[in-house]
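Please look over the fold shown here, with attention to its strand pairings, a helix and a pocket. The report below takes these in turn.

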Amino acid sequence: MLFKPDEKTADQPQQAAPKGAGRRWRARIVSTTLVVLILGGLGYVVWMAFNRAPSQNQIPRNLPVPVLAASPVTKDVPVYLEGVGAVRALNTVTVRAQVDGKLSAVNFKEGQDVQRGDVVAEIDPAIYQAQYDQAVAKKAQDEATLANARLDHARYQQLAQSNAGSKQQADTQRALVAQLEALVRSDQASIDNAQTLLGYTKIVAPISGRTGLRLVDQGNLVRGGDTTGIVMITQVRPLAVQFSLPQQQLARVNAAFEKGPLQVDVFGNDGRTVVETGKLEGIDNQVDPTTGTVKLKAVFANEKLTLWPGQFVNARVKIDTLRDAIVVPTSSVQRGPAGTYAFVIGANDIVTARPVSVVQQTDVEAVITGLSTSDRVVTTGFANLAEGSRVIVGRDEAAPTPDLAPRRRQGGGGGQKGGGGQGSGQGGGQKGPGGGQKGAASGQGDGQAQPAPPAAGGAPSK
């Protein structure tokens, strides 16, 4: 008996094949649809990028660019070399005691101006006065002895001439007179020494200047070997400024210094105001090998006490003057890959970039070559400026006033819809309990638009 397969079992492979082919076709359709959607989205983004409307802040290309302009001028411009230095006093003295004793008086106030020879302090002179009086008395005693010896020498000399006395006695008396004369001279030297020590009890100012803070108080015992001293006196009129310049400028400074005195200016704390003007006193004889700079010294009268010893200052020395130089505002000089240039306004207000060479430049003006006084150069408005652009020249009649705070935005479109209140957008597109209810806008009536907080889905509300 032969086996006969079931009809249902035999039909299963034939039915499985159409099902697998259907799944493959559906996958291909989904993939094709996704690719078409992605390509369509990219095309839409590209189309929007090329066809979007210009923003409010963008300047159309066919409109002239607003700028400010200035014309070069011809004038004499001084050439300065600037350096950093410090103020130094011409003389600084620490007043010390030269003899031992008790400081009996202090005759100055801290920060007082004193003159040379003024008594600034006194030491008790009792001991030194007694030594002086003793030396004077000793000299008087020896002078009396000398006078008696001279009389005896005269008598012995007369007796020796008349052969009534011996010549040896007369010679001995002559030698005694000479000894007493030397003793009197020694007494005079002792008097001078005692008088000098007595004079040291009055401590005087060796220079004219200003006293500093007192280092020793009255009543203390001072000694001649003390290194602390009583007070320091510093000369503040005149004084000097020592500043440094790079060694590359040494040849120019020496050449100018050979022609005559050079003017030196010192700036104030703002770095721009000249507070004192003096003369260059000298140049150091060697270059500092550690810094590659050379020191210069200038002297200033300092009548108004604008400079103070130890103060750090910025100084400049005038070495030359450029005659009939072309000067433009520093803001007009631009820098590019090919060097410095300036935008020159030509016919029909068309600008062209013209190369220039900068000879000297400061924060305000620049000395250049390559322009003439008949040209007009752009000083402000380079953001939208290019070669061949057309410009409209404005007037700089009033200086711009800086804003202390950002200005309030004007008009709608900043997160404010409908009413004139402040759109805080607390709901920001978030649906309320009833569904579809927008968040309330708390209008304060100031017209200021503020961004709304993010919605529940994470995207900011519009």
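## Strand pairs, a helix and a pocket

In the hairpin formed by E17 and E18, five residues lie between the strands, and Asn 348 among them takes a positive phi near 60 degrees. The model is a predicted one, in which local features need pLDDT of at least 70 and side-chain atom pairs count only at pLDDT 80 or more, while totals for chains, interfaces and linings use all residues. Residues are numbered from 1 along each chain as its sequence is written, and side-chain values use heavy atoms, with hydrogens and water left out.

Helices (H or I, at least four residues) and strands (E, at least two) are DSSP runs numbered from the N terminus, and two strands count as paired if DSSP finds at least two bridges between them. Strands of a sheet pair through backbone hydrogen bonds, either parallel or antiparallel. Elsewhere, four strands form an open sheet in the order E7-E6-E4-E9, with antiparallel pairing; its edge strands, E7 (202–204) and E9 (221–222), each pair on one side only. Within this sheet, Ala 121 stands opposite Ile 203 in E7. Two of the pairings are set out below.

| Strand | Partner | Sense | Bridges |
|---|---|---|---|
| E17 (residues 339–345) | E18 (residues 351–355) | antiparallel | five bridges |
| E6 (residues 119–123) | E7 | antiparallel | three bridges |

Helix H2 (residues 126–161) has 36 residues and should span 52 Å at 1.5 Å a residue, and the 53 Å between its end C-alpha atoms agrees with this; the expected span is 1.5 Å times one less than the number of residues. Its buried residues (under 20% relative accessible area with a 1.4 Å probe, protein chains only) include Tyr 128, Lys 139, Asp 142, Asp 152 and His 153. The buried residues of H2 pack against helix H3 (167–199), where contact means heavy atoms within 4.5 Å. After H2 comes Asn 163, whose phi is positive, near 60 degrees.

Strand E2 (73–89) is one of the strands that supply at least two lining residues, and E2 gives the largest share, seven residues.

Methods: Buried means under 20% relative accessible area, exposed over 50%, partly exposed in between (1.4 Å probe, protein chains only).
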